[in-house]
Amino acid sequence: MTDATAHADTQHHPIKLYLAVWGWLFVLSACSYLVDYIGVQGLLRWSLIILFMMLKAGLIVAFFMHMKWERLTLIYAILLPPLLILVFVGIMIYEANYTLLTRVVHFAGGA
Amino acid sequence: MEHLADDRVMQGHTAPPKMSGWRGFVADWASDQGAFKGVSWGKAMMWVFLLSDTFVFGCFLVAYMTARMSTVVPWPNPSEVFALEIGGTSVPLILIAIMTFVLISSSGTMALAVHYGYLRDRRKAGLLMLLTAFLGACFVGMQAFEWTKLIHEGVRPWENPWGAPQFGSTFFMITGFHGTHVTFGVIFLIIMARKVLRGDFDDGRRGFFTSRKGRYESVEIMGLYWHFVDLVWVFIFAFFYLW
């Protein structure tokens, strides 16, 4: 898969690769801007935003930050812990819904 | 005392032969040795710092989500709030789009600077770093413009003319912290570009603070920080401006 041994000592890669990634980042940014410019709404809007966001983040981390060529030990040490934020998001969705409920019930009209 | 500066000593390079894949993962952690093989302490520590910073920005974005989900007052439409009048027509989010492209361009020039650093082409590497710093400064400048515009329109951390009052506090908090990161990045880029252009990493000049010899890997580590700043913007752009 990845030729980890060839790049073991320095992170030196062909310039074409960087330019290609750069180009893709421009295309993906343009796409996410178009989502807003065209005015896509609802579920399609959110899934497109997330899709373009994850693709851009993946390209930056994998190629610009050279994560693709690092050993699994470093990859897991850095990329797995942020998944805990998703747990936090889950907790706070419940909390936000509860807060909204109490506001609607006790401060009707949202004053 | 002899300087320990030749950092290979610090990297656990005397370790047994490396395995790859899952077996390598287990072996790296399972013995009394440096876990991150082939990664200098400087790069490993930058990654750990970036991980901690991920949690900082993660918490900001979760706080923003909570505020936006729990308010009974409609959230201001960012597409309209951040629109600019250009030639009489209102273009949605145009400044933010330009800022995004500027920051991505700076990430590209940074990646090229790392590339030329490893080729030991210090002129190109240094100039590309200065270009990166310039683009970063442009980004901060446009952000200052954006803040000024919104403040003139009456946006405050506790109120704004369009809807939920939490809009202002989350906006200033998140973009302010990100802008601060960009600003520090620009400062570090200028310092590192000076070192590169002066040839510190070729003639083994020792740093004024650590009194160690630098290597071109420092450019890559600087790049990690800069790409991270771009990475955070990807998430802010998606969640705050587009959502």
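1. Helix α8 of chain B is mostly covered, with 22 of its 26 residues buried; buried here means 20 or more other C-beta atoms within 10 Å of the residue's own, the C-beta atoms being placed from the backbone. The helix runs over residues 217-242 of chain B and bends by about 30 degrees at I236(B), the bend being the angle between axes fitted to the seven residues ending there and the seven starting there. End to end, α8(B) reaches 36 Å between its first and last C-alpha, close to the 38 Å expected, where the expected span is 1.5 Å times one less than the number of residues.

2. Keep in mind that this is a predicted model, with local features needing pLDDT of at least 70 and side-chain atom pairs counting only at pLDDT 80 or more, while totals for chains, interfaces and linings use all residues. Residues are numbered from 1 along each chain as its sequence is written, and chains are lettered from A in the order in which they are written.

3. Helices here are DSSP runs of H or I, at least four residues, numbered from the N terminus.

4. On to the contact between the chains, which takes 46 residues from chain A and 45 residues from chain B; two residues are in contact if their C-beta atoms, placed from the backbone, lie within 7 Å. On the chain A side, α4(A) gives the most, with twelve residues.

Key. Helices (H or I, at least four residues) and strands (E, at least two) are DSSP runs, numbered from the N terminus. A residue is buried if 20 or more other C-beta atoms lie within 10 Å of its own, exposed if 12 or fewer, and partly exposed in between; C-beta atoms are placed from the backbone.
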